[in-house]
Amino acid sequence: MSHYFGTNGVRGRFDELTPSLALKLAQAIGRYFKGGKVLVARDCRLTGPILRSAVISGLSSVGCETIDLGVVSSPTAEFMLKRLEADGCVIITASHNTPEWNALKVVDEQGIAVSRERGGDIERLLEGDLADWDKVGAISSHGSATQEHIDAIVELVDADRIMEREPRLVLDCGNGTASVIAERLFKKLGCECIMLNEDLDGTFPGRPSEPTERNVQGLIRKVKAEKADAGIAWDADGDRVIFVDEMGRYIIGDKAFALSMLWKLGKSEGDVVTTVATSKAVEDVASRFGSAVHYTAIGAPYLSERMHELGDGAALGGEEVGGIIWPELSLAKDGFMTGAKLAEALCEKPLSAWLDELPVYFNVKIKVPAKGEEKDEMVGRVLRYAKAKKLESIDVDGVRVDFKDAWVIVRPSGTEDCIRIFAEAKTRKEAERLVEEFRKIATG
Ligand code: MG
């Protein structure tokens with residue numbers, strides 16, 4: 001079992017994910033990619049340049065040709081995999097985490113991020129030989145990745161229509177990698193752009209990187225003050241996205257996903273892939289278009305793996321925190337493609353009118369203290385209960401039980417001494433009742 005790899009890469013503060021560990025891991029990653037061609041990208045964190053040098057050195061020392069893409073968004077780096085015919089990619093980013101964190105995210109040639117399980121395969125290659133002195137890998141850089149990504153997105157939306165409509169957008173880059181792509185993309189689409197936190201700065205001075213409602217209050221105020229059509233905010237590496245409608249209402253990630261389904265499934269067929277923690281709104285919208293929903297464990301790699309298995313049968317993938325996969329572009333969550341699709345949708349009607357098409361649900365979330373095996377026992381009790389009562393349940397990650405207009409999930413926390421119980425229903429009271437019922441079942 002993996003020691004360094006978490007759900008999505010190796011993450012740590014600078015005294016944990018040190019340059020020497022990054023070098024060793026990069027050598028193992030290079031062996032995993034069999035000395036092939038590997039792209040290296042990073043976000044704007046202060047430790048990025050140091051880790052980049054260590055990673056490139058490690059990859060090259062075991063014979064990989066490495067191409068440095070510089071500071072680009074994660075979806076940009078993942079988009080470049082196919083274009084540069086690379087065997088893999090290492091992205092140095094801690095996504096939405098606070099600035100003292102960093103991480104190595106590894107993506108394979110299909111565009112699928114390496115999960116905890118596959119990370120174990122890489123760790124088995126930590127010990128090994130270096131390349132001979134005359135077989136070390138060449139090191140080069142490629143400076144046009146962002147432009148190529150922008151061009152590809154523009155091709156996939158109705159740019160002429162957007163140019164005619166000229167949506168007025170507030171773009172909150174959170175000082176992350178959105179700063180290098182968002183304004184260029186939306187200007188190219190003919191949008192009027194009002195920028196917020198648009199200076200690339202690895203200390204994230206404008207707002208914390210995670211685009212939660214609390215963290216994007218500045219965006220909400222600006223959308224209202226500027227009478228904009230919508231606001232968009234990204235996390236530091238640009239894979240996650242949230243929206244604000246023209247009335248200043250925050251649109252959480254799984255609603256952004258459900259909206260994306262309205263925009264895509266209205267025009268093309270296919271199934272959707274999502275994690276067991278997304279809103280029932282996703283299933284409601286899917287059934288409106290006759291699309292099946294495939295549920296995976298929580299974590300982006302599992303979504304991409306499933307999308308890859310389904311091939312042309314998958315129209316869209318998405319997770320609850322606002323990572324949406326458009327397979328016509330890549331198997332990466334792409335916050336910029338999602339934003340461009342919003343601009344296209346605004347040509348038809350205001351964002352608030354799109355939002356009105358989504359069913360309304362209320363959420364309740366609690367934590368129940370539990371340690372080690374206790375967590376599995378609690379989840380086990382819920383699973384046995386669901387089986388005994390013949391309830392519709394999914395157990396790929398904890399247990400999710402679905403009712404007609406509600407659902408509840410009970411899952412062990414990966415990082416804290418607790419289990420999490422989350423319920424969604426048509427009324428707050430019903431969601432509260434469900435959480436309490438399942439707390440009782442879990443605790444026996
Ligand atoms: Mg991210």
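**Reading the terms in a predicted model**

Q: Where does D376 lie?
A: D376 is part of helix α14, which covers residues 372-388.

Q: Why is D376 called exposed?
A: The relative accessibility of D376 is 52%. A residue is exposed when this value is over 50%, and D376 therefore counts as exposed.

Q: What makes the patch on the surface that holds E373, E374, D376 and E377 one of a particular charge, positive or negative?
A: Asp and Glu count as negative. E373, E374, D376 and E377 gather on the surface, so their patch is one of negative charge.

Q: What is the secondary structure of the protein chain?
A: The protein chain comes to 15 helices and 21 strands.

Q: How do you know whether the radius of gyration of the protein chain agrees with that of a compact globule?
A: For 444 residues, a compact globule would have a radius of gyration near 22 Å. The protein chain has 22 Å, and therefore the value agrees with that expectation. Along its principal axes, the C-alpha trace spans about 70 × 60 × 40 Å.

Q: How many of the 444 residues of the protein chain count as buried?
A: Of these residues, 60% count as buried, a word that stands for under 20% relative accessible area.

Q: What makes the contact between R45 and D43 a salt bridge?
A: The side chains of R45 and D43 meet at 2.8 Å, N to O. The cut-off for a salt bridge is 4 Å between a side-chain nitrogen of Lys or Arg and a carboxyl oxygen of Asp or Glu. The pair of R45 and D43 is within this cut-off and is therefore a salt bridge. In general, side chains of opposite charge can pair when their charged atoms come close.

Q: Why are R45 and D43 called buried?
A: R45 has a relative accessible area of 1%, and D43 has a relative accessibility of 1%. Buried means under 20%, so both residues, R45 and D43, receive that name.

Q: How do you know that R52 and D68 form a salt bridge?
A: Their side chains meet at 3.2 Å, N to O, and the cut-off is 4 Å, so the pair qualifies. This pair links distant parts of the chain: R52 belongs to helix α2 (residues 48-61) and D68 to strand β4 (residues 65-71), 16 residues apart. D68 has 12% relative accessibility and therefore counts as buried.

Q: What makes the pair of D239 and K333 a link between distant parts of the chain?
A: D239 and K333 meet in a salt bridge of 3.3 Å, N to O. The two are 94 residues apart: D239 is in the loop between β10 (230-234) and β11 (241-244), and K333 is in the loop between β16 (324-325) and α12 (335-345). Both D239 and K333 are buried. The structure holds 32 salt bridges.

Q: Why is K227 called exposed?
A: The relative accessible area of K227 is 68%. K227 lies in the loop between α8 and β10 and has a positive phi of about 50°, although it is not a glycine.

Q: How do you know that S73 is buried?
A: S73 has 0% relative accessibility, which is under 20%, so S73 counts as buried. S73 lies in the loop between β4 and α3 (74-83). S73 and A236 are 163 residues apart in sequence and 8.0 Å apart in space, C-alpha to C-alpha.

Q: Why is L126 called buried?
A: L126 has a relative accessible area of 15%, under the limit of 20%, and is therefore buried. L126 lies in the loop between α4 (116-123) and β7 (139-141). Between L126 and Y32 there are 94 residues in sequence and 9.7 Å in space, C-alpha to C-alpha.

Methods:
Residues numbered from 1 in each chain as written. Predicted model: local features only at pLDDT ≥ 70, side-chain atom pairs only at ≥ 80, totals over all residues. Heavy atoms only, no water. Patch = residues over 30% accessible without salt bridge, like charges linked within 9 Å, V, L, I, M, F, W, Y side chains within 5 Å. Areas by Shrake-Rupley, 256 points an atom, 1.4 Å probe, with all protein chains shown as cover. Charge placed at Lys NZ, Arg CZ, Asp CG, Glu CD. Helix = DSSP H or I, 4+ residues; strand = E, 2+ residues; numbered from the N terminus. Buried < 20%, exposed > 50% of the residue type's maximum accessible area, 1.4 Å probe, protein only. Rg over C-alpha atoms; globule rule 2.2 N^0.38 Å.
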